[in-house]
Every structure is written in C-alpha cells, then in structure tokens.
Amino acid sequence: MDFNSDNVHGVDPAILDAIGDANVRTARAYGHDDWTLASERRLREVFGCDLAAYLVVTGTAANSLALAACCPPYGAVVCHREAHIMTDECGAPELFSGGAKLMGVEGPGCKLTPAAVTAMLGRLGRGEHEQRPSVVSISQATELGTVYTPAEVAALAALARQHRMRVHMDGARFANAVARQGCTAAELTWKAGVDVLSFGATKNGALGVEAVVFFDAALARDFAYLRKRTGQLVSKGRFLGAQMLAYLEHDRWLQNARHANQMADRLAGAIAALPGVRLPLPVEANAVFAIVPRSLHEHLQQQGARYLVWPGEGPGTDTVGDGEVFIRLLTSFRTSAEDVDALAAAAAR
Ligand SMILES: Cc1ncc(COP(=O)(O)O)c(C=O)c1O
C-alpha cells in the first residue's frame, strides 16, 4: 500500500536487463556509445521530427539545464506558483541559468492560463528595471496530476511567441499525459509550439535518466558545454543510453504510463465511493488527490498505508475543512490492482 511517490517502485526489469546487457563489452565514453546514439534515433521516431537530445541523470538537472539554454541570466521564467521548478529544485534553475528569475502565477489545477500569463507579463513592463520575460514553463502532467491538452499548450505557446518568449515543458510525467490523451508525442510538444522538453523516464520505470529534447536546434548550440559544466555529462554514458533505449523500445514508456494511469483510475473510483471523501481534481495522469476525514487518514496510517499529506493551501478548487486532510496518492508502472484493492479494503474497514 505504498502510494507515496512513483519513485518508490524501483526499476522496470526490462530496463534493468538492458543495463546488464550494456555491461558486457567495451563502449565509447561520454555519450558517444551505440546505445545513446540509438536512443537519440528512437526519440526522433517517437516525436516524428528532427531534434537534439541530451541525456542527464535527474529531472532537476533536465529542467534547470533546459531553462538555462533558453533563458538569459537577466531573463524571467513564467511558471505556475507550485511548479516543481519553483518549489522543489532548491534554486537550481536560477543557479544553472546564472540568475534568471522564476515568476510564479496562479491557475486552477496547477495549470497556467493565457489570462494569468498575460497578467504577469503586464506587470513586467518596465524594461531593464525588471527581468526580461524569456520563457513560459509548464509541467505536463502537472504537480496536481492534471494535463494540458494540445490546444491548451498551443494557446500558451502562441502567447509566448507574441512576447518573443520560449516554451519549456517539464515532462517528468510526460508519458502519463500522452497515454491519457491518446494523442501523439508530437501533438503535445513541437506541433503545439514547445521548444524544449524535459522528457522524464525515471518515474516511469528507469533507474535514473531523463532527456533534454530540443525541437529548435538553435537553442541546443552550446548545450553540451552547459551539461558538462554542471556535472551531467556521464563518462559511462552507455548506461543512460541503454535505459533510454529500453524505455522507448516496444513503446514501454507508453505501456508503463497507461498501466499507472489505469491504477490511478481504479484507486480514484474506490476512494471516491467512501463517505466523507472528495476528489477535488480530475484524475488525468497517475495521481489521485483527495480530501479525506482526518479520522480516515489516521486509520489508514495505522493500517500501514503510505501517501503524502500534500503541503500548501489545498487544491484551490475546493476548501479543506477542519477535521479534513488533503492527500496525494501516486501510482506507478508497478502498482498492482491488489495494492489498490488493499488500500480500498483498509479504508472501507
Ligand atoms: C513535476 C516534476 N518535475 C521534475 C521532477 C524531477 O525531480 P528529480 O530531480 O527528483 O528527478 C519531479 C520529481 O518529483 C516532478 O514531480
């Protein structure tokens, strides 16, 4: 009954095997190996376009480096007030970019809206006395488990273009967003105007690899230097390449995400039926957010259930009352129907 995070479940065995297979012979170092090159080719097929991809080890590095590549030190990144880059990366985007400023805006379900971005840009109108608006960054899926449709991404990207800003997508859970919407990876990214994507794999079955994917080659020009400078150029890079390749092969990235999403649906159905429980947000990826009576929360803790009590002021779409707790449960590629049913049974008790 561990729904604390999608990181709790270890590594997809097929990806672990791929790491073992890459361990049997010598290979070129620093990302020039066959696995890394093959993973780049496969990324081009998945996204249906030419692109430049660079593997790194963490999502924080992917986001911070992607932002550093498209935001000058005197620039501003407009993002949601609760975006991971804003709240959970210890200032790495500011550090890696040499001083760019993150400007957080409100939006329901942790999503940016064109109106909210426009309002923020209206407040940044004093020229060199403020940071220059440079990037709009969105999370797909968001930190509250919601997703942007291709049309919503396109609307934000069109606004960004009008202001000569770039668009970054934090895709730590990009696979869940694609699997849920049944669209293509292309429709959710470059076709909608995204310039650079942090393409996550770790949360969805890899051991530790993410790709920074540039759809505009001009932005990637000096990226190799940025990556090296921040310690993200891995000497035995074949083990990153092997993970990414196995993740993409046989559409494993989508299969794993589809499974996690289905388990989230099952979980949502089970707990929404309990008295006193409300789901204030749609379940659109692998996250279930619920407002539950404190007594139920304490009972579940005693039963050994693991999940997060979500920090902050609540979902923004519903009020967390006295005697209630706002919780987040995440499912993963390895969450089983039995795990979900065990939690539902413990709650029903
Ligand atoms: C939305 C989002 N982006 C990025 C990350 C990357 O995190 P890490 O640096 O821990 O790999 C996370 C991890 O929780 C996340 O939830």
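Helix H3 (residues 59-70) supplies the largest share of the shell around the ligand, 3 residues; helices here are DSSP runs of H or I with at least four residues, strands are E runs of at least two, and both are numbered from the N terminus. The model is a predicted one, so to speak of local features takes pLDDT of at least 70 and side-chain atom pairs need 80 or more, while totals for chains, interfaces and linings use all residues. Residue numbers start from 1 along each chain as its sequence is written, and side-chain values use heavy atoms, with hydrogens and water left out.

Around the ligand sit Thr58, Gly59, Thr60, Asn63, His84, Glu89, Glu143, Asp170, Ala172, Arg173 and Lys203 (a heavy atom within 4 Å counts as near). By class that makes 1 nonpolar, 5 polar and 5 charged residues, where Ala, Val, Leu, Ile, Met, Phe, Trp, Tyr, Cys and Pro are nonpolar, Asp, Glu, Lys and Arg charged, and the others, Gly among them, polar.

As for polar contacts (N or O pairs within 3.5 Å), a polar side-chain atom of Thr60 comes to 2.6 Å from a ligand oxygen, a polar backbone atom of Gly59 is 2.9 Å from a ligand oxygen, and a polar side-chain atom of His84 is 3.4 Å from one. The protein covers 77% of the 400 Å² of accessible area that the ligand has on its own (Shrake-Rupley, 1.4 Å probe).

H3 also gives the most to the lining of the largest pocket, with 3 residues. That lining divides into 11 nonpolar, 15 polar and 12 charged residues (lining residues have an atom within 4 Å of a point on a 1 Å grid over the protein atoms alone, and a pocket is an open set of points where a 1.4 Å probe fits, with protein on both sides within 12 Å along at least five of seven lines).

Technical notes. Polar contact = N/O pair within 3.5 Å; in protein donor to acceptor, adjacent residues only side chain to side chain.
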